[in-house]
Amino acid sequence: MNEIAFQAKRINLKEKVFKKTLTLSAITVVVILLAIFFTLLINSMPSIKALGGKFFYDKTWDPVADEYGALPFLVGTLLTSFLALIISTPFSIAVAIFLGEYYKKGVVAEIFKNVIDLLAGIPSVIYGFWGLFVLVPIVQTIELKLNLPPYGVGIFTSSVILAIMILPFSVSLSRQVISMVPSHLKEAAYSLGATRFEVITKIIIPYTKSGLFAGLLLALGRALGETMAVTMLIGNTHQIPTGIFSPGNTMASVIANEFSEATGKIYTSALIEMGLFLFVVVTIINILGKQVIKRFTL
Amino acid sequence: MMNFKKMVLSLLAICITVTFISCGGNSNNNASENSSAGNKNEILGAGATFPYPFYSKVFDEYNKQKGIRVNYQSIGSGGGIKQLQNKTVDFGASDAPMSDEELSKSPAPIVHIPSCLGAVIITYNLPDNPSLKFTPEVLADIFLGKIKKWNDAKITAMNPGVKLPDLSISVVHRSDGSGTTYIFSDYLSKVNAQWNTKPGTGKSLDWPTGLGAKGNEGVSGLIKQTPGSIGYVELVYALQNKMPAAALQNKSGNFVEASLKSTSAAAAIDLPADMRVSLTNTAAPDGYPICSFTYLLVYKDQSYNNRTEASAKATMDLINYVIHEGQKYAEPLGYAPLPDAAVKKAEEILKSVTFNSKPLL
């Protein structure tokens, strides 16, 4: 009797310790995130006070004159990210249908899945190098044909690289939702004489709409924050880009470029405020993505 | 459940406190570990990245000869100045001399001791890479975006016999904050009134034209890939990579090629007693116009923060070694050694450094 009570107590204790450990690690993650947010907020106070709303609509970023307007970088970030999304969407949906509907199992499917997962594992500096040595000369010839200055680097080049980089993120989610479409729906469609193409366009895509959208949102969040590859390929100019072939700059790459040698309180603080802004934008996009997924699974 | 809520709340409180502490304390984050005062066998320095290969060679030789280790962290000039102001290092290092404002913000007088010279060269990518000459006006107009083609009359006029193509000029500049940009823009501000008003002089600029690339390697990489491009890199880097470099017309009207010799020659002017001088657009007749000293920085009075006299003396001995015996390691590494006049001036400054108002050397 005593023995059993003792055993039960021990198991109970084990259970408690285990649960506490889990809770603690979960909370730590939240604490770290909040700590980052507050650190950014406090350190950007000098710039928020000095610049106010001007930070968001001013076009000049001039550290010499102590003028900081993030508009060109906001435009650059949104332009590269959305262009990347537009380029990658047809590919990611096509690949997702291919892997989620046509080749769900088998050697071919495994190879393709692994290759796409590998894309996500390549360090971004490698993408940058590849872009610099392979993509830039190609874009240069295109620009020469279009009678544009042959920069090679710019919004377009970075968008193409970003499109490749974000592909695995949208594919992995889209593939899952497509393979989860209930077979009775598809079978019903087939029994009514629908072709495979019609099943995909009329059943699978409408059914998985929100899941596909969530995948794209997650990919967008990734594109917004990408730094290294974009810095290497965007041309780093402080002007608002005038076209997709013109050079520009993104918020993440300005921070990476200028933070280490930034002197002066407002200058450093303005760079941190840009980080805060980026943090908020990416968080909102991630929360939106999660909300959409939730609605889909319910 | 109650417990869980409590835990979350207390953790939130901790998190906020930690944030505040970390914000308040980041100005002297290296202070506790690396308190330099006690240990006289290790000298601590931090600052400029540009002279880092030179310093690490000299400090290594010094360690072999005297058995004193020097720990130099190349965190950038701005960081070096900050660390010295926080008194967490024995010496700082900076490419640009400290401004009057920075000096007035420092807790005690700081002296500048030049250690070697660096230069910035103008490089380009043209068919067959001919050797080119530029006057200051033309150079400024190119980087202001006013001259747009390589066969512009202003460029061809000073380069007779060179066939220049009908090609757009693509300007390439540094995208990261850098002392190289500072020296280059300091030069252009001196020779061109428009440049002086905008964009001016700084480590990062609001460039009127061109593409940005990260680091010397980024700039030279982009130049190699872009036909018709022009940009600026450090002399050391250009020498190592055998890049074409333009000859520039200096203040005396001579066209001077960038070399270690012409860089050292740029310092052959009347140097001020505190050595805080910009050598760009030098008056020296055979000096290359885009040059600069790089400096070691120490407090004029070394008796601060419970420093021992021995460690203050060790720091002075080290700097004395850098400006004398250390100079022979400069040239093989691509740095221009100090000319004799500059060494003499530096020596005088070193002798003015005191410990409890008594000279150390």
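Helix H13 of chain B, in this predicted model, covers residues 340-351. At 1.5 Å a residue, its 12 residues should span 16 Å, and the 17 Å between its end C-alpha atoms agrees with that expectation. Four residues of H13(B) are buried, namely B:Ala342, B:Lys345, B:Ala346 and B:Leu350. Viewed down the helix axis, the buried residues of H13(B) lie within an arc of 145°, and therefore line one face of the helix. The face turned away from this buried side carries B:Asp340, B:Lys344 and B:Glu348, which are exposed. Among the elements that cover the buried residues of H13(B) are strand E4 (110-124) and helix H12 (309-323), both of chain B.

Chain B as a whole contains 13 helices and 13 strands. It has 361 residues, of which 47% count as buried.

The confidence of the prediction was considered next. The average pLDDT of chain B is 87, and 89% of its residues score at least 70. Residues 19-38 of chain B, however, have a pLDDT below 50. Beyond near neighbours in sequence, this stretch has 26 contacts in the model. For the complex, the predictor gives an ipTM of 0.80 and a pTM of 0.82.

The contact between the two chains draws 33 residues from chain A and 36 residues from chain B. On the side of chain A that touches chain B, two or more residues come from each of helix H1 (2-43), strand E1 (61-62), helix H6 (124-145) and helix H11 (251-258). H1(A) provides the largest share of this side, with 9 residues. Sorted by class, the side of chain A that touches chain B consists of 17 nonpolar, 13 polar and 3 charged residues.

One residue of chain A was examined individually. A:Val17 is located in helix H1 of chain A.

Terms used. Residues are numbered from 1 along each chain as its sequence is written. Chains are lettered from A and ligands numbered from 1 in the order in which they are written. This is a predicted model: local features need pLDDT of at least 70, side-chain atom pairs count only at pLDDT 80 or more; totals for chains, interfaces and linings use all residues. Two residues are in contact if their C-beta atoms, placed from the backbone, lie within 7 Å. Ala, Val, Leu, Ile, Met, Phe, Trp, Tyr, Cys and Pro count as nonpolar, Asp, Glu, Lys and Arg as charged, and the others, Gly among them, as polar. The expected span of a helix is 1.5 Å times one less than its number of residues. A residue is buried if 20 or more other C-beta atoms lie within 10 Å of its own, exposed if 12 or fewer, and partly exposed in between; C-beta atoms are placed from the backbone. The arc is that of the directions from the helix axis to the C-beta atoms. pLDDT is the predictor's confidence in each residue, from 0 to 100.
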